[in-house]
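Let us walk through this protein one residue at a time. Keep the view open as you read.

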Amino acid sequence: MKRLTYIIVALIGFCNYAQAQTQTKAQSDLNLGRDLFFVGYEVSIPTNSNYLTKTSWAGARFDYHRMITPDVSVGIGVSYNSFDQYFKKQTYQRPDGTGAVTSDMIRQIYTSPITASIRYYFPGAMVRPYAGIGLGAEYSEQNAYFNIYSVGSNNWGFVVRPEVGALGKFNRNVGGFVSVAYNYATNSNDAFHINHLAQFPITVGLLFTAP
């Protein structure tokens, strides 16, 4: 009987200690609130260089996340990137070898990934670094303009988007964030020799939270 009493007392003591440690950690970490809205300007660097290589400076990112524990959130997000690159005059052979066109060219790609994601927020009193991953679908358009002609295509693909970032607060409901992601999508275009679309998006923006 005494042994059982000692075990019960020890368990109660351990539970009290664990609860105290959890409360201390929660009090020392930056409180993120319950609902998080991210609005950001996005620069994106393409990594599949068989079509174009120029960095996109025209992009935006919107995310909504809800905290499901003090350190974990789930949410949805959408972004938009516009890639545009000029190529000097050269000769392009038709795929079937029946002719060729000599012209300069402007190549464009528009991408819009839509993802459901989960993030883990590391401890921090002023800044909370985080890591996460998103899965979803990506809509894309690929266009080429040469001489008086243009060709283009649009398609959907599966996208995976691992991401790391950090956020902080200016006051109770407004803050800022920065993130770097790798966006890999299965969109393909045989005419342009594109078998996937990949890019490094870098996002800086504002964070709005609700308690």
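Start with F38, which counts as buried because its relative accessibility is 1%. Buried means under 20% relative accessible area, exposed means over 50%, and partly exposed lies in between (1.4 Å probe, protein chains only). Before going on, note that this is a predicted model: local features need pLDDT of at least 70, side-chain atom pairs count only at pLDDT 80 or more, and totals for chains, interfaces and linings use all residues. Residues are numbered from 1 along each chain as its sequence is written, and side-chain values use heavy atoms, with hydrogens and water left out.

Now look at the aromatic rings. A pair of aromatic rings is described by the distance of the centres and the angle of the planes. Rings of Phe, Tyr and Trp (its six-membered ring) pair if their centres lie within 6.5 Å; planes under 30 degrees apart count as stacked, over 60 as edge-to-face and the rest as tilted. By this rule there are 9 aromatic pairs. One of them joins F37 and Y64: the ring centres are 5.1 Å apart and the planes stand at 40°, so the pair is tilted. This pair links distant parts of the chain, with F37 in strand 1 and Y64 in strand 2, 27 residues apart. Strands (E, at least two residues) are DSSP runs, numbered from the N terminus, as are helices (H or I, at least four). F37 is partly exposed, at 38% relative accessible area. Y64 is partly exposed too, at 28%.

F38 pairs with F177: the ring centres are 5.1 Å apart and the planes at 90°, so this pair is edge-to-face. F38 sits in strand 1 and F177 in strand 7 (residues 174–181), 139 residues apart. F177 is buried, with a relative accessible area of 7%.

Turn next to charge. A salt bridge is a side-chain nitrogen of Lys or Arg within 4 Å of a carboxyl oxygen of Asp or Glu. The count comes to 7 salt bridges. Which strands does the bridge between R161 and E42 tie together? R161 lies in strand 6 and E42 in strand 1, so the pair ties together parts that are 119 residues apart in sequence. Their N to O distance is 3.3 Å. R161 and E42 are buried.

D71 and R128 form another salt bridge, at 2.9 Å from N to O. D71 lies in the loop between strand 2 (58–69) and strand 3 (72–93) and R128 in strand 5, so the pair ties together parts that are 57 residues apart in sequence. Both residues, D71 and R128, are buried. D63 and R61 also form a salt bridge, with their closest N and O atoms 2.8 Å apart. A network of salt bridges links R61, D63, R119 and E163.

Finally, visit Q142 in strand 5 (residues 127–146). Is Q142 buried or exposed? Its relative accessibility is 1%, so Q142 counts as buried. A polar contact is a pair of N or O atoms within 3.5 Å; within protein, one must be able to donate a hydrogen and the other to accept it, and residues adjacent in sequence count only if both atoms are side-chain atoms. The side chain of Q142 makes such a contact with that of N155 at 3.1 Å. Another, of 3.0 Å, joins the side chains of Q142 and N189.
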